[in-house]
Each structure stands twice: as C-alpha cells, then as structure tokens.
Amino acid sequence: SEEIMAWRETESFPVNSSHSNAPMDTHTSAQEAPCGSANENCLFLPVHACSVAPVMSNSVTRGLQSSGPTLALLLPLNEVPKLTGLMKQKTSKKHHRQEYFICQQQQSHLTLYTATSPALNLAPEPSQGDPASAHKQALAELTKILGALEKPEVTGQLVDLPEYYSWGEELTETQSQIQSVNGLKSLSAGRVVVVKNQEHHNALGVILQVSSNPTSRVFTALVLCDKPVSEDPRERGPASPDVPYPDDLVGFKLFLPEGPCDHTVAKLQPGDVAAITTKVLRLNGDKILEDFSKRQQPKFKKDPPSAAVSTAVQELLRLAQAHPTGPPTLDPVNDLQLKDVSVVEGGLRARKLEELIRGAQCVHSPRFPAQYLKLRERVQIQKEMERLRFLLSDQSLLLLPEYHQRVEVLRTLGYVDEVGTVKLAGRVACAMSSHELLLTELMFDNALSALRPEEIAALLSGLVCQSPGDPGDQLPSTLKQGVERVRTVAKRIGEVQAACGLNQTVEEFVGELNFGLVEVVYEWARGMPFSELAGLSGTPEGLVVRCIQRLAEMCRSLRGAARLVGEPVLGAKMETAATLLRRDIVFAASLYTQ
C-alpha cells in the first residue's frame with residue numbers, strides 16, 4: 001500500500017551481518033536478532049512472545065517452485081505489532097538451489113524426501129556451540145601437542161617397548177571383559193575378591209551386599225587399604241603404579257599395607273573385580289555397613305570399628321599375608337562352567353599375553369620407566385585424536401548401518417533409484433503422516449479406490465488403533481476382504497525389510513496392525529451416536545476418541561497424497577471420510593474452562 005511505501009522510504013533499516021544460526025530468543029530485540037547470510041526477505045518483529053515455524057508449500061515439496069520454506073511468526077491476537085515497529089532486514093545475494101536427502105523414521109518406517117531451500121540454511125556453518133567445530137579445534141590442538149612431544153627410544157633392550165605396552169593394555173581389557181561375564185554369576189555376600197581400579201590395586205575385599213538390579217549389578221565390598229595420611233582424597237597418590245612391571249600385570253601381587261592397616265567400603269562394578277577367590281567368609285554384611293556408615297559421621301569418627309568389622313579385616317589381612325602372589329581363584333571355564341565363546345577365547349588370549357609379558361626385554365633396561373611414560377603419553381594422545389576423527393566422520397552415526405538397510409528397502413520397493421533420486425512413490429510417501437510405506441503401497445495397489453469413504457476409514461483404523469483386538473465376525477464381506485488385503489501388503493513389506501537385513505521379523509511388522517476398532521469406526525462414520533459405540537467394543541472411550549482423531553489426520557494426509565499422484569476420486573473420498581469422522585463430541589472443544 002502507499003502507507004507502507006511511504007514508511008519504507010522514511011524508516012532507517014539496520015544491517016545485521018551476523019552469521020550465527022542460533023535460534024532467536026523471544027525477548028531479543030530486532031537489532032540483536034541473528035540472521036544467517038542465506039536468509040532472504042526476513043522480517044524481525046519486536047514482540048515479547050512469539051513462535052517461529054517453517055512453512056513449506058506443496059509446490060516447493062514437488063519441486064515446482066524454486067523458493068524455499070517461509071518462516072511464519074505465530075503471534076497472540078493481542079500482541080500484533082504496529083506498522084511502525086517493523087524493520088526490514090537487508091536482503092542478501094541469492095544462493096543456488098541445493099537438494100537435500102533427509103531421513104525421517106516413524107514407527108519403523110523411513111521416508112527419504114527432497115527439499116529445496118535457498119532461504120533456510122539446512123547445513124549451518126559451525127558456530128561457537130557446534131560440537132563439530134569444538135572437535136576440530138581440539139584435534140588441531142592435540143596435533144600440535146603430539147608434534148612437540150619427544151619420541152620414546154625403541155632401540156636396544158627397549159625394542160619391544162611398544163609391544164609391551166599394547167600387551168598390557170590388551171590383557172587388562174581382556175580380564176575386565178571376562179570378569180564382567182563372570183561376576184554376575186558367582187559374586188555373593190561373603191565372597192573374597194581381588195579389587196583393581198583407580199583407588200585400589202590388587203587389594204583384597206569381601207562382598208557385603210549385592211544390588212537387586214539384574215541389568216546393572218553393583219557390589220558393596222569391604223576393601224583393605226592404607227591408613228590415609230591426608231583426609232583429602234585428592235592429595236593421596238594413585239593406587240596403581242605409574243609404570244607397570246610384569247609382576248603388576250601378570251598374576252595378582254596382592255596389596256599389603258606398609259603401615260597400620262585400614263579399611264573402606266566401596267561400590268564395585270563387575271569390571272573392578274580382577275579375580276574371584278575360592279575363599280568365602282561368614283559375616284553379617286548389614287552390621288558392617290551400619291557400623292561403617294556410623295563412623296563416617298563427625299561425632300563417631302574416633303570410635304573403634306565393631307567386632308564384625310575387625311574380624312573381617314583380620315581375615316582379609318591374614319589371607320593377603322599367606323598368599324602374597326595371589327590366593328587361589330575360580331576359573332571361569334572349569335569352576336564356574338561358563339561355556340560362552342567369548343569367555344573361553346578370552347581366557348586363552350589372556351594366558352598367551354601373560355607369556356609374552358613375562359618374556360619382554362624392555363623391563364630390564366634402566367631407561368624403561370622414563371621411556372614407558374613417554375610412550376604412554378604419546379599413545380593416549382593418539383587415541384584421543386582417533387576418537388575425535390571418528391566423531392567427525394560419517395562412521396560415528398550410530399544408526400548408519402540401519403540407515404543403509406532402510407535405503408535398500410526404499411530402493412527395492414521402487415521409492416528411490418540406484419543413485420538415490422526420489423521417485424514418484426517416494427514423493428507420495430513424503431505426504432504421509434505415519435505408516436508411509438504401507439499407505440503408499442495400498443494406494444498404488446488400488447486397494448482403497450474401490451471402497452466407500454466409511455469403509456476406507458474403517459480399514460485405516462488398523463494403522464492407528466492402540467488396543468489390540470480381533471475385527472470380529474460381524475463385519476461386512478467388503479471389510480473382511482479389505483483387512484486381509486492390508487495384511488497381505490504389510491506382509492510383503494515385512495518380507496522386503498527382513499531381506500534387506502532389518503532387525504524386525506515379518507510377524508512383528510504385521511503384528512503392529514490392530515483391527516479391533518474396525519466396526520466401531522465403520523459405524524461412527526455411518527452416523528451412529530457415540531453413546532451406542534460402547535456396546536460394539538470393550539475398548540475404553542478415551543482410546544476410541546484418540547483413534548478417531550488420529551484417523552481424521554491420516555485421511556487428510558492421504559487426500560494430499562492422492563492429489564499429488566493425480567487421483568481426484570480417491571482424494572474426494574478421503575476428504576469425505578475426514579468429514580464423516582470429524583463430528584459430535586469426539587472433536588468438540590475442551591469442556592475445561594479457565
């Protein structure tokens with residue numbers, strides 16, 4: 001209008017050159033609002049509370065329009081800004097159209113669709129809070145640190161130093177894996193174990209309590225330790241030696257206190273148990289825990305331990321002194337009868353590594369401790385760099401194998417071609433709100449075109465119904481045949497998914513369909529009052545209402561898909577079905593008032 005043109009000529013427009021892609025805060029002023037360089041025709045509204053939503057027209061989705069999605073500001077009616085409050089953002093140079101393939105997974109289905117968006121930046125540049133940018137910066141810093149480190153000597157007696165380090169790391173990991181399987185089956189109250197973690201190095205302990213959670217067991221144990229010189233745990237030295245020798249890696253050279261013996265109560269994971277001994281002590285774990293907990297209070301800190309605690313500590317100390325190289329332990333295969341392949345192979349590998357460690361020559365060199373520390377620091381930095389490179393690569397995607405399997409399903413069904421271009425069937429699946437593959441196959445098989453609107457709505461209820469049930473024997477023959485046809489199509493899709501490697505059987509995929517409300521939805525679409533629907537099914541009324549509401553949304557999405565493929569008759573039927581469902585109390589406004 002002339003008023004707007006006059007306002008544009010008189011107002012001054014601020015320029016915002018920020019490239020941050022962070023979302024706009026609802027209390028941010030127009031001058032402070034961030035805007036990407038690719039945004040075109042952006043309007044920043046100085047409002048206090050609004051919602052921003054991307055809107056994409058059907059023509060953009062079909063590729064018939066070159067412009068991208070529009071950002072719509074959803075405002076309360078009482079906070080519509082005045083004309084003088086609008087400020088025009090300086091438009092930027094047009095960007096080339098780009099094509100994106102995006103995966104959307106809903107209820108075990110994957111939709112691959114394209115979108116053109118010169119106005120909305122779908123691949124933002126790394127910002128200050130972007131994890132990828134932080135990973136790249138950390139990788140660059142570690143590269144500089146690694147280049148400045150002095151390389152360890154690996155000549156003469158130190159020639160097998162790298163192998164010795166790798167053998168020790170592998171042995172520790174193998175023993176931890178064996179104990180993680182072994183510990184859940186043999187650890188019980190009173191069992192004496194060898195504890196090896198960051199706080200304790202081959203210290204004897206006795207299990208006092210076992211958690212009841214079967215998935216993540218935690219063992220409460222009484223463990224021997226030195227009497228601390230300092231009360232601050234941060235000032236104590238590490239329990240494990242800085243440079244492990246063969247006696248520290250092979251066998252269990254038990255911890256013996258150099259001065260007065262002390263004890264502590266620790267929470268142990270299965271990996272903290274280095275070995276399970278054959279010794280079992282008779283004790284009362286609850287009394288020991290109660291006494292130890294009481295002595296942690298400042299009022300009772302000077303109290304001596306109870307008789308139960310003193311007896312258990314003396315037994316552990318006597319056992320450690322009698323077996324300084326390690327007490328007899330339970331063998332996972334022979335004693336515990338664990339026949340798991342990983343346990344057997346792990347035991348064999350551990351014995352082989354122990355032999356290699358005992359025959360290492362580098363430990364006899366006087367320069368071994370210093371060179372070992374240099375090597376360990378270098379290897380730790382290299383491992384961290386490998387981890388960062390992995391996070392920056394496509395291999396870090398946890399669902400990448402499943403993604404490739406689902407893309408293969410789409411390629412087999414004809415939704416995408418060999419190079420990944422979305423075909424007509426794929427574009428139709430994009431228009432579906434849920435059960436994309438099944439609805440698209442039903443549409444292309446003409447399984448819905450010959451049915452009446454109320455019959456289509458009744459059959460589609462099997463896709464949104466949440467309560468399992470049988471359709472019953474009172475259905476018309478048309479609906480019975482329709483139910484069998486839907487199941488046949490679902491079985492065909494399930495077979496394709498199983499052939500492509502997805503971890504879902506055909507029976508599980510078909511079992512997701514629940515046709516228990518077919519008759520209820522059929523009669524509702526024909527005009528039956530809601531009060532009479534209760535006698536047709538034992539399903540609670542709330543689930544019936546939810547099913548009909550979701551069904552109306554599905555009918556509208558099918559209407560759009562039918563128009564996309566040029567099926568005006570089916571589109572009209574879906575519009576009629578949605579109209580038949582949207583009536584009476586099911587779609588009434590909420591009865592609650594403020």
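Which residues in α10 are buried? In this predicted model, where residues are numbered from 1 along each chain as its sequence is written, local features need pLDDT of at least 70, side-chain atom pairs count only at pLDDT 80 or more, and totals for chains, interfaces and linings use all residues. Side-chain values rest on heavy atoms, with hydrogens and water left out.

Back to the opening question: the buried residues in α10 are L400, R406, V407, V409, L410 and L413. Here buried stands for under 20% relative accessible area, exposed for over 50%, and partly exposed for whatever falls in between, using a 1.4 Å probe and protein chains only. Helices (H or I, at least four residues) and strands (E, at least two) are DSSP runs, numbered from the N terminus. Helix α10 takes in residues 400-413, so to speak 14 residues, and spans 20 Å from its first C-alpha to its last, close to the 20 Å expected at 1.5 Å a residue; the expected span is 1.5 Å times one less than the number of residues. Looking down the axis of α10, the buried residues fall within an arc of 165 degrees, so they line one face of the helix. That arc is taken from the directions from the helix axis to the C-beta atoms. As background, an α-helix has 3.6 residues a turn, so residues three or four places apart point the same way. After α10 comes G414, with a positive phi near 90 degrees.

Next come the charged pairs. A salt bridge is counted when a side-chain nitrogen of Lys or Arg is within 4 Å of a carboxyl oxygen of Asp or Glu, and that rule gives 18 salt bridges. One of them joins E150 and K374, with the closest N and O atoms 3.3 Å apart. This pair links distant parts of the chain, since E150 sits in the loop between α3 (131-148) and α4 (161-186) while K374 belongs to helix α9 (residues 368-392), 224 residues apart. E150 is exposed at 56% relative accessibility, whereas K374 is partly exposed at 25%.

R559 and E575 also meet through their side chains in a salt bridge, at 2.5 Å from N to O. R559 is in helix α17 (residues 541-564) and E575 in helix α18 (residues 568-581), so the pair ties together parts that are 16 residues apart in sequence. E575 is partly exposed, at 25% relative accessibility. E418 is exposed, with a relative accessible area of 64%, and R411 is partly exposed, at 22%.

Helix α17 also holds A562, which is buried with a relative accessible area of 0%. Leaving aside residues up to four places away in sequence, A562 touches M443, E567, L570 and G571, where contact means heavy atoms within 4.5 Å. A562 and A431 are 131 residues apart in sequence, and their C-alpha atoms are 9.4 Å apart in space.

Then there are the rings. Rings of Phe, Tyr and Trp (its six-membered ring) pair if their centres lie within 6.5 Å; planes under 30 degrees apart count as stacked, over 60 as edge-to-face and the rest as tilted. The count comes to 6 aromatic pairs. Y164 and F368 form an edge-to-face pair, 5.6 Å centre to centre with 80 degrees between the planes. Y164 in helix α4 and F368 in helix α9 are 204 residues apart, so to speak a link between distant parts of the chain. Both Y164 and F368 are buried. Ring pairs also gather Y164, Y165, Y245, F368 and Y372 into a cluster.W524 and F530 make an edge-to-face pair as well, at 6.0 Å centre to centre and 90 degrees between the planes. W524 is buried, at 0% relative accessibility. R583 lies over the face of W524, 3.7 Å from the ring centre; a charge sits over a ring if NZ of Lys or CZ of Arg is within 6 Å of the ring centre and within 35 degrees of the ring normal. The charged end of K294 sits over the ring of F300, at 5.5 Å from its centre.

Last, a look at the backbone. Most residues other than glycine have a negative phi. N202, in strand β8 (residues 201-210), has a positive phi near 55 degrees, and N202 is buried at 1% relative accessibility. D584, found in the segment after α18, has a positive phi of about 55 degrees although it is not a glycine.
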